Every structure is written in C-alpha cells, then in structure tokens.
Amino acid sequence: MHSTMTSARRAVARAHSALVTALGYAAGFAMAVLAGAITFEVIIRNLGIGNFAWLLEVSEYVLFIATFLAAPWVLRENAHVSVDLLLTGLRSGARRTLDVISNLLGIAICSGLTWYALRVTRDGIERGDMIFKELVVPEWPFLAVVAFAGGLLVIEFAKRLARVGQAGA
C-alpha cells in the first residue's frame with residue numbers, strides 16, 4: 001500500500017512538474033510570437049501597407065496571460081528577483097527562518113489571490129462580463145488564468161517550504 005501511494009505521489013509530482021514546464025515554455029513562445037507580430041506590424045505600417053488595429057490590445061492580453069502562466073515556472077527555477085545581499089550575511093538558521101517566513105507569506109498571498117480570482121471568475125461568468133475595446137471578449141478567461149496560476153504558485157511555495165523543512169531536519 002505504501003509503495004502504491006509513493007508511486008502515485010511521484011506520478012502526480014511528475015505531472016505537475018511537466019505542466020509547470022509546459023506553461024513556462026508556452027509563455028516564452030507567446031512572447032516570441034508577440035515580438036514577431038509587433039515587428040511585422042511596424043514594418044507593414046512603415047511601408048504604408050496598413051496596420052493591425054487589434055495588435056496593441058492582443059499584446060496586453062498576451063503579456064498578462066504569459067506573466068501569470070510563467071510565474072510558477074519562474075518560482076520553481078528560482079529565476080525571480082531576490083535580494084541575496086541580506087541573505088548572504090545571515091547564519092544558516094536565520095536564512096532558513098527567513099525562507100520559511102517568505103514561503104508561508106507566498107502561500108498566504110497566493111491562496112488569497114486564487115480564492116478572489118475564483119470568485120470574480122465565477123461572477124464574471126454568471127453576469128456575462130465582457131471587455132469592450134478593439135475586440136470584444138469575455139472577461140472571465142483572463143480571471144481564470146489568475147486563479148489557475150495562483151493555485152500552481154501555492155503548490156510551488158508549499159514545495160519550497162517542504163524543501164526548507166527537509167534541509168533543516
């Protein structure tokens with residue numbers, strides 16, 4: 001029974017890791033496509049051929065979505081901005097304590113963000129909220145991205161917290 005639980009836990013961990021990696025790559029790919037589209041639009045506009053009136057709005061959406069989808073990968077890879085100057089001067093016990101505190105804060109903040117995003121996503125679906133700009137799109141998919149990424153961030157902070165606990169044991 002124990003080995004079945006361990007195997008299942010490993011399978012879930014691998015699936016989670018694959019999902020986070022895929023989201024990181026998807027965000028990077030989306031940013032590359034966006035850069036290409038903007039470059040192409042600048043060229044055709046300067047040649048007097050025309051422009052894509054919707055591209056600025058799509059750029060906003062891509063930047064928003066890519067940022068949230070990449071966040072769990074960035075956290076997992078420890079590729080975010082951190083102030084190491086303070087940490088390098090601390091003893092290992094104090095560093096571990098700060099790690100625990102920051103991961104607990106991350107869990108609390110991302111849990112609150114996820115809960116709120118789920119609520120407003122549900123409300124947006126029920127009301128049929130739309131965004132009216134150059135394009136007319138439902139609002140809830142953008143809010144759902146926040147909820148989805150927030151949930152993944154909670155998991156990533158919990159995994160970091162568990163690693164800190166194992167290192168201190």
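This is a predicted model: local features need pLDDT of at least 70, side-chain atom pairs count only at pLDDT 80 or more; totals for chains, interfaces and linings use all residues.
User: What secondary structure does the protein have, and in what pattern along the sequence?

Analyst: The protein has 5 helices and 2 strands. Their pattern along the sequence is α-α-α-α-β-β-α.

User: Why is the protein called more spread out than a compact globule?

Analyst: Its radius of gyration is 20 Å, whereas the globule rule gives 15 Å for 169 residues. The value is well over the rule, so the protein counts as more spread out than a compact globule. Along the principal axes, the C-alpha atoms fill a box of roughly 65 × 40 × 30 Å.

User: What share of the residues is buried, and what share of the contacts with a separation of 6 or more is between residues 24 or more positions apart?

Analyst: Of the 169 residues, 26% are buried. Residues 24 or more positions apart make up 74% of the contacts with a separation of 6 or more.

User: What is known about the surface and the charges?

Analyst: The accessible surface comes to about 11000 Å², and 69% of that belongs to carbon and sulfur atoms. There are 15 positive and 12 negative side chains, and the centres of these two sets lie 16 Å apart.

User: Why does threonine 114 count as buried?

Analyst: Buried means under 20% relative accessible area. Threonine 114 has 12% relative accessibility, so it counts as buried. This residue lies in helix 4, which covers residues 92-127.

User: How do you know whether arginine 160 is buried or exposed?

Analyst: The limit for buried is under 20%, and exposed is over 50%. At 15% relative accessibility, arginine 160 is therefore buried. Arginine 160 is part of helix 5, residues 140-168.

User: Which residues does arginine 160 touch, leaving out those up to four places away in sequence?

Analyst: Arginine 160 touches Leu75, Asn78, His80 and Asn103. With leucine 75, the side chain of arginine 160 reaches the backbone oxygen at 3.3 Å; the cut-off for a polar contact is 3.5 Å.

User: How far is arginine 160 from aspartate 99?

Analyst: Their C-alpha atoms are separated by 8.6 Å, with the two residues 61 apart along the chain.

Conventions:
Residues are numbered from 1 along each chain as its sequence is written. Side-chain values use heavy atoms; hydrogens and water are left out. Helices (H or I, at least four residues) and strands (E, at least two) are DSSP runs, numbered from the N terminus. The radius of gyration is taken over C-alpha atoms; the globule rule is 2.2 Å times the number of residues to the power 0.38. Buried means under 20% relative accessible area, exposed over 50%, partly exposed in between (1.4 Å probe, protein chains only). Contact means heavy atoms within 4.5 Å. Accessible areas come from the Shrake-Rupley method with a 1.4 Å probe; for residues, only the protein chains shown count as cover. Lys and Arg count as positive and Asp and Glu as negative; His and the chain ends are not counted. The place of a charge is taken as NZ of Lys, CZ of Arg, CG of Asp or CD of Glu. A polar contact is a pair of N or O atoms within 3.5 Å; within protein, one must be able to donate a hydrogen and the other to accept it, and residues adjacent in sequence count only if both atoms are side-chain atoms.
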